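Please find below a colleague's note on the model under review.

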Amino acid sequence: MSLDYNTLESIEDYVTCLRGTYITGRSRDNYARKFYMERLYFLVKDNEEKFYIALAKDLNKSRADTLASEISPVLEECIYFLKNYDKLIKNKRVKTRLAVNMTDTAFIRREALGVVLIISTWNFPLQLSLVPLVGALAAGNCVVLKLSEVSAHTSALITELLPKYMDASVCRVVNGGVIETQHLLKQKFDHIFYTGNFHVGKSVMVAAAQHLTPVTLELGGKSPAIVTEDADMQIVANRIAYGKFFNAGQTCVGVDYVFVHKSRHDEFIKEIQKTLKKWYGSDPQKSKDYCRIVNQRHFDRLMSIINHRQTGQVVVGGQSDRDDRYIAPTVITNVRFHDTSLMTDEIFGPILPVITYNDIEEPMGLISKHEPALALYIFTKKKSLINQVLSFTKSGGVTINDTLLHQTGKFYLLLNFTKD
């Protein structure tokens, strides 16, 4: 399916129209904001079945995965802002510091930013488009929503539905490729929210700097997992398999690679083999629960990573089908950290490099050689080891003895400590 791309002139018209709306104050009206959140809720709820179909076409997502990772997050975001709206918009009273202001009353006032740009991405094309849109509209902004041209079916559906549910003078959808996006970034916005990779993120920052526009960048990275000697290997295998192969590894906070203590390596491989067979059967290509690579360009990139690796052996998976955009859940063991194919850039696919270590200081030192990861996962029963790793590594979020959960609750999970 192909998307109808916007003309460059229409992009300029959209931004001008939204700027005019914002000046009138229509988007900041309290009743209007709540109404927009309700409309977004029903946009998804009324068309749930259509989203199941679109996401299956784009990524072969199962109904369960689509409900959990795409539909529910948007509905829950709408409900949260509707329930908490009156509290969230209240001015916050703050205590003055200087003696000259002792008799004054000071507040932090909650105000909209203006006209904002949201650039979405393709791996969770519904969630990563509409969740930030909910917050932006709840705050009283006017929004240009740039959808991903890669997840064409889902983007086409959102493009069709948004004008039916939303006020076009408050929210506009833009579709296009590199040329349209570059032209969009030349326009003046009051904030830019971008989800995607480092390379495009740098371009977004450069463009934003021309207007001194503040940006929020939600980028990926090589998110490691560390499995210590005392971990329960069956639980570890289940949870790392989920954190790696959910959405066929196309998850920004997914496990990118794993350090396993040398004494537990063989057990880890055995358990993850059992887990994958239990979940996806002997032939994952036939499983209705296993996603596909989003397009053949990304398929070719991932196969190149496997075929041009300098170290390691494929011990699980490795099968592929380009026409079906299928790459089996693949585990590569005996990988070296200096492997430029496997260990330089984020993999963003169903390929799991396994690196062994003898002492916990080894993975901590190697992790520090990369840029701070978006996520870090630690599997251990010892609180002292957790504190040691947290003290010497940096990451956007941490989950202990599980994967992905910090994304849902802004917390890290502490399970099964021993007293040491």
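1. Which residues does Val258 touch, not counting residues up to four places away in sequence? Val258 touches Ala225, Val227, Ile240, Phe268, Leu352, Pro353, Val354 and Ile355, where contact means heavy atoms within 4.5 Å.

2. On provenance, this is a predicted model, in which local features need pLDDT of at least 70 and side-chain atom pairs count only at pLDDT 80 or more, while totals for chains, interfaces and linings use all residues. Residues are numbered from 1 along each chain as its sequence is written, and side-chain values use heavy atoms, with hydrogens and water left out.

3. Val258 belongs to the largest nonpolar core, which has 68 residues; Val227, Ile240, Val258, Phe268, Ile272 and Leu352 are those with the most contacts inside it. Helix 9 (residues 233-245) gives the largest share of this core, 6 residues. Another core, of 37 residues, lies apart from it and includes Tyr36, Val74, Leu126 and Ile158. A nonpolar core is a set of buried Ala, Val, Leu, Ile, Met, Phe, Trp, Tyr and Cys residues joined through side-chain atoms within 4.5 Å. Buried means under 20% relative accessible area, exposed over 50%, and partly exposed in between (1.4 Å probe, protein chains only). In soluble globular proteins, nonpolar side chains tend to be buried together.

4. The strand pairing may be taken next. Helices (H or I, at least four residues) and strands (E, at least two) are DSSP runs, numbered from the N terminus; two strands pair if DSSP finds at least two bridges between them. Strand 8 (residues 224-227) is joined to strand 9 by 4 bridges and runs parallel to it, with Val227 opposite Val260. Strand 9 (residues 257-261) is in turn joined to strand 14 by 4 bridges, again in parallel, and there Val260 has Thr356 as its bridge partner. Strand 14 also pairs with strand 13 (residues 330-333) in the parallel sense, over 3 bridges, and Pro353 of strand 14 stands opposite Ile332.

5. How are these strands covered? In strand 14 (residues 351-357), 6 of the 7 residues are buried. Strand 8 is covered on both faces: Pro224 and Ile226 are buried on one side, Ala225 and Val227 on the other.

6. Ala32, Arg33, Tyr36, Met37, Leu40, Leu43 and Val44 are buried in helix 2. These buried residues fall within an arc of 140° seen down the axis, so they line one face of the helix; the arc is that of the directions from the helix axis to the C-beta atoms. Their cover includes helix 3 (48-59), helix 4 (63-88), helix 5 (127-138) and helix 6 (152-165).

7. Two polar contacts deserve a check. The term denotes a pair of N or O atoms within 3.5 Å; within protein, one must be able to donate a hydrogen and the other to accept it, and residues adjacent in sequence count only if both atoms are side-chain atoms. At the start of helix 2, a side-chain oxygen of Asp29 comes within 3.1 Å of the backbone nitrogen of Tyr31. Thr21, in helix 1 (residues 8-24), is buried at 5% relative accessibility, and its side chain reaches the backbone oxygen of Ser169 at 2.7 Å.
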